[in-house]
Amino acid sequence: MTTSASVPAGSQGATDADAVTDRLVEANERYAAAFTDPGMDARPVLRVAVVACMDARLDLHAALGLELGDCHTIRNAGGVVTDDVIRSLTISQRALGTRSVVLIHHTNCGMESLTEDFRHDLEMEVGQRPAWAVEAFRDAQQDVRQSMQRVRTSPFLLHTEDVRGFVFDVKTGLLTEVHPD
């Protein structure tokens, strides 16, 4: 697999943030030059919302056989169901017609090596306690179960009967379904 990190960047090889952002903007200009409006609205064709970790190794569309317009994708550190994820799922369901929720954590997740001490250390460094929880976990499957439970019990969601959870193996690309306890 080739990634942009493994492709020589030529004169764009600088590693500072401005150079990276400039590279992204230039890529967008090339993309926009060939872009044609696909004529879609914001409603996902498959009526599904996928909640997953933000890990750069997860190419969700490729891994799930999805095309542009098929789903809503909600990503955060760990793929955990937080209040903001519930907010996004509520909008996805109530305003944009999704009916199914797929939750995806993965093996070798960085959230497995963090603790709430991260939050404390951050408070000590910057002088202010973050309003958010770290939501670290030790067991991806157990955290998927917790996330499934949070979705299923949310009073804001209309459709909680089709909620399924998985762990993506970053070495094999395979999903393993996690069943509720």
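Let me begin with a definition: two rings of Phe, Tyr or Trp, taking the six-membered ring of Trp, count as a pair if their centres lie within 6.5 Å. With that in mind, and remembering that what we have here is a predicted model, a search of the whole structure turns up 1 aromatic pair. It is formed by Tyr-31 and Phe-35, whose ring centres are 5.5 Å apart and whose planes meet at 45°, so the pair is described as tilted.

Now to the cysteines. How many disulfides does the structure hold? The count is 0. Cys-71, for instance, takes part in no disulfide, and the nearest cysteine sulfur, which belongs to Cys-53, is 16 Å away.

Finally, let me turn to Glu-161, which sits in the loop between helix H5, residues 140-152, and strand S4, residues 163-168. Is Glu-161 buried or exposed? Its relative accessible area is 61%, and since anything over 50% is called exposed, Glu-161 is exposed. The C-alpha atom of Glu-161 also lies 7.9 Å from that of Ser-100, although these two residues are 61 residues apart along the chain.

Terms used: Residues are numbered from 1 along each chain as its sequence is written. This is a predicted model: local features need pLDDT of at least 70, side-chain atom pairs count only at pLDDT 80 or more; totals for chains, interfaces and linings use all residues. Side-chain values use heavy atoms; hydrogens and water are left out. Helices (H or I, at least four residues) and strands (E, at least two) are DSSP runs, numbered from the N terminus. Buried means under 20% relative accessible area, exposed over 50%, partly exposed in between (1.4 Å probe, protein chains only). Rings of Phe, Tyr and Trp (its six-membered ring) pair if their centres lie within 6.5 Å; planes under 30 degrees apart count as stacked, over 60 as edge-to-face and the rest as tilted. A disulfide is a pair of cysteine sulfur atoms within 2.5 Å.
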